[in-house]
Amino acid sequence: MKRISIVLLLIVNTSYADVTGNLITNGTFDDGNVGWITSGDAQVIGDCCPGGHDFEFGDIGSIEQDFKLYSDTITQPMLNNGITLDSTTEWQNGEGGEGGWAGNNRGGADSFTVRLQIKDELGNVLATTTQTRTDTTGINGVDYSDSLTYTGTGSRVGNIYLSGEDANAPDNLGGPNVDNISVTMTYDPTVLSIAETAIIATAFEEIEEVLTMVSPEELFLSLIHISEPTRL
């Protein structure tokens, strides 16, 4: 059998995952509704539970906030490597049959929704995820996590949208409450130079050229030969 010499060029993709701090403004509502766009029946109230303040929904209402994904140290080429948004939201929902601590425990389970979006610089939505829940919680609330990943280019702005609906509407602020909102971004800060990109592209072309000259059987046998342990 003809002996084959195959030059294997191993390109190591060293990916670094950096995580930002909280990208949300006033996620604890200690500054009222500063930073939030509100709609419908919803308002900041003094919290009866740990936290100081929270946002309580009535019959149906929503809040949302845009936040920048870029900064002086997070550049567009870094964002173009792909990003993941991870949110944590603390919900307090006492209706639905189990939350006896809620004085207005009437009707079916209230619902609450978390939506995450990634947009470009023109506001076009590049990726979105939406999760609606009807869980009943204790008086201290429960933290819920949601995640959104976008592997394309052009991401520039993130958005979080939160809504609540009272199953026993109409009522007086009888819907779920939300507090302690956090969104972080995981991204790869590695940015290749033009020269490095050209080297990688050339290497792949050379590998493809070698593979076209070798039959699958010969390639398989050669790889087995290469992988055999060296005996001392």
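What follows is a short chat about a predicted model of one protein chain.

Colleague: What are we looking at, experiment or prediction?

Modeller: This is a predicted model.

Colleague: OK. How many helices and strands does the protein chain have?

Modeller: The chain has three helices and nine strands.

Colleague: In what order do the elements run from the N terminus?

Modeller: The order is β-β-β-α-β-β-β-β-β-β-α-α.

Colleague: How much of the chain counts as buried?

Modeller: Of its 232 residues, 34% count as buried. The chain exposes about 13200 Å². Carbon and sulfur atoms supply 53% of that area.

Colleague: And contacts? What share comes from residues 24 or more positions apart?

Modeller: Such pairs make up 73% of the contacts with a separation of 6 or more.

Colleague: Let's go to strand 4. Where is it, and which strands does it pair with?

Modeller: Strand 4 covers residues 83-92. It pairs with strand 7, residues 142-150, in the antiparallel sense over nine bridges. Nine bridges also join strand 4 to strand 9, residues 177-187, and these two run antiparallel.

Colleague: Which residues are bridge partners there?

Modeller: Ser87 has Asp146 in strand 7 as its bridge partner. For Gln92, the partner is Asn177 in strand 9.

Colleague: Why is strand 4 described as largely enclosed?

Modeller: Eight of its 10 residues are buried, so the rest of the structure largely encloses it.

Colleague: What about strand 8?

Modeller: Strand 8 spans residues 157-165. Seven of its nine residues are buried, so strand 8 is also largely enclosed by the rest of the structure. Strand 8 pairs with strand 5, residues 111-119, in the antiparallel sense over nine bridges. One example is Arg115, whose bridge partner in strand 8 is Tyr161.

Colleague: New topic. How many aromatic pairs turn up in the whole structure?

Modeller: The search finds six. One of them is Phe57 with Trp91, a stacked pair. Their centres are 6.0 Å apart, with 20 degrees between the planes.

Colleague: Why is the pair of Trp91 and Phe112 called stacked?

Modeller: The ring centres of Trp91 and Phe112 lie 4.6 Å apart and the planes are at 25 degrees, so the pair is stacked. This pair links Trp91 in strand 4 with Phe112 in strand 5, 21 residues apart. Phe112 is buried, at a relative accessible area of 1%.

Colleague: Which residues form the aromatic cluster?

Modeller: Phe29, Trp36, Phe55, Phe57, Trp91, Phe112 and Tyr144 form one cluster.

Colleague: Which residue lies over the face of Tyr70?

Modeller: Arg156 does, at 3.7 Å from the ring centre.

Colleague: Last one, Gln65. Where does it lie?

Modeller: Gln65 lies in strand 3, residues 53-68.

Colleague: Buried or exposed?

Modeller: Gln65 counts as buried, because its relative accessibility is 3% and the cut-off for buried is under 20%.

Colleague: What does Gln65 touch?

Modeller: Leaving out residues up to four places away in sequence, its contacts include Leu23, Trp36 and Asn159. Gly35 is on that list as well. The backbone oxygen of Gly35 lies 3.3 Å from a polar atom of the Gln65 side chain.

Note on methods. Residues are numbered from 1 along each chain as its sequence is written. This is a predicted model: local features need pLDDT of at least 70, side-chain atom pairs count only at pLDDT 80 or more; totals for chains, interfaces and linings use all residues. Side-chain values use heavy atoms; hydrogens and water are left out. Helices (H or I, at least four residues) and strands (E, at least two) are DSSP runs, numbered from the N terminus. Buried means under 20% relative accessible area, exposed over 50%, partly exposed in between (1.4 Å probe, protein chains only). Contact means heavy atoms within 4.5 Å. Accessible areas come from the Shrake-Rupley method with a 1.4 Å probe; for residues, only the protein chains shown count as cover. Two strands pair if DSSP finds at least two bridges between them. A polar contact is a pair of N or O atoms within 3.5 Å; within protein, one must be able to donate a hydrogen and the other to accept it, and residues adjacent in sequence count only if both atoms are side-chain atoms. Rings of Phe, Tyr and Trp (its six-membered ring) pair if their centres lie within 6.5 Å; planes under 30 degrees apart count as stacked, over 60 as edge-to-face and the rest as tilted. A charge sits over a ring if NZ of Lys or CZ of Arg is within 6 Å of the ring centre and within 35 degrees of the ring normal.
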